[in-house]
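Here is a short briefing for a reader meeting this structure for the first time. Please look over the sequence and the model before reading on.

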Amino acid sequence: MDVVDSAPAEQPSESRVLMHVVYGLHTLAWATVGTLALIALVINYIRRQDDPNPLHRAHHRYMIRTFWWSLVWLVLSLPLFFLYVLPGLLAYGVIGIWYLYRSLKGWMRFADRRFPDNPPVDVP
């Protein structure tokens with residue numbers, strides 16, 4: 001005999017669906033040489049202050065920080081290309097993997113309704 005869960009399924013809110021879309025954009029950014037990351041960053045900045053959910057605000061901040069730290073490391077590792085091409089490519093590869101890791105980690109934590117790192121100070 002099969003047991004069927006009779007509890008109604010929770011409908012995802014518009015904000016929750018948008019967060020999944022934005023995480024998807026960040027995750028696929030490598031395939032578009034960062035274009036999708038820029039689009040996602042703009043969405044993060046626009047929606048960050050308007051979202052009443054502290055969990056969503058924390059994830060917006062997490063994605064924004066991930067983008068800017070990646071950009072800082074990309075700029076700092078740019079001189080490696082002047083030594084030889086291989087060190088620069090290795091550095092960019094490591095930074096790309098780190099960006100992908102942060103995006104997937106944040107997305108999985110969001111799907112589990114958990115904060116990306118530690119809860120922000122303004123959340124009880």
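This is a predicted model: local features need pLDDT of at least 70, side-chain atom pairs count only at pLDDT 80 or more; totals for chains, interfaces and linings use all residues.

Residues are numbered from 1 along each chain as its sequence is written, and side-chain values use heavy atoms, with hydrogens and water left out.

**Whole chain**

- The chain has 5 helices and 0 strands. Helices are DSSP runs of H or I with at least four residues, strands are runs of E with at least two, and both are numbered from the N terminus.
- Read from the N terminus, the order of elements is α-α-α-α-α.
- Of the 124 residues, 32% count as buried. Buried means under 20% relative accessible area, exposed means over 50%, and partly exposed lies in between (1.4 Å probe, protein chains only).
- Take the contacts between residues at least 6 apart in sequence: 61% of them join residues at least 24 apart. A contact means heavy atoms within 4.5 Å.

**Helix α1**

- Helix α1 covers residues 14-27, and its 14 residues should span 20 Å at 1.5 Å a residue. The expected span is 1.5 Å times one less than the number of residues. The end C-alpha atoms are 20 Å apart, which agrees.
- Buried residues in α1 include S15, R16, M19, V22 and Y23.
- The buried residues of α1 pack against α2 (35-48), α3 (54-77) and α5 (85-111).

**Nonpolar cores**

- The largest nonpolar core has 8 residues: M19, V22, Y23, L25, A40, Y62, M63 and F110. Such a core is a set of buried Ala, Val, Leu, Ile, Met, Phe, Trp, Tyr and Cys residues joined through side-chain atoms within 4.5 Å.
- Helices α1 and α3 are the elements that give two or more residues to this core. The most come from α1, with 4 residues.
- Apart from this core lies another, of 6 residues, among them A29, L41, F67 and Y99.
- Leaving out residues up to four places away in sequence, M63 touches M19, V22, Y23, H26 and N44.

**Helices α3 and α5**

- These two helices, α3 and α5, pack at about 175 degrees, with axes 10 Å apart. Axes are lines fitted to C-alpha atoms, for helices over the stretch in contact, and angles run from 0 to 180 degrees between N-to-C directions.
- That angle makes α3 roughly antiparallel to α5, a term for angles over 145 degrees.
- The residues of this contact divide into 11 nonpolar, 6 polar and 4 charged. Ala, Val, Leu, Ile, Met, Phe, Trp, Tyr, Cys and Pro count as nonpolar, Asp, Glu, Lys and Arg as charged, and the others, Gly among them, as polar.

**Single residues**

- G106 lies in helix α5 and counts as buried, at 0% relative accessibility.
- Beyond its neighbours within four places in sequence, G106 is in contact with Y23, H59 and Y62. G106 and H59 are 47 residues apart in sequence, and 7.2 Å apart in space from C-alpha to C-alpha.
- R102 also lies in helix α5 and is buried, with a relative accessible area of 13%. Not counting residues up to four places away in sequence, R102 touches Y62, R65, T66 and D117.
- T35 lies in helix α2 and is partly exposed, at 44% relative accessibility.

Key. Angles under 35 degrees count as roughly parallel, over 145 as roughly antiparallel, 65 to 115 as roughly perpendicular and the rest as oblique.
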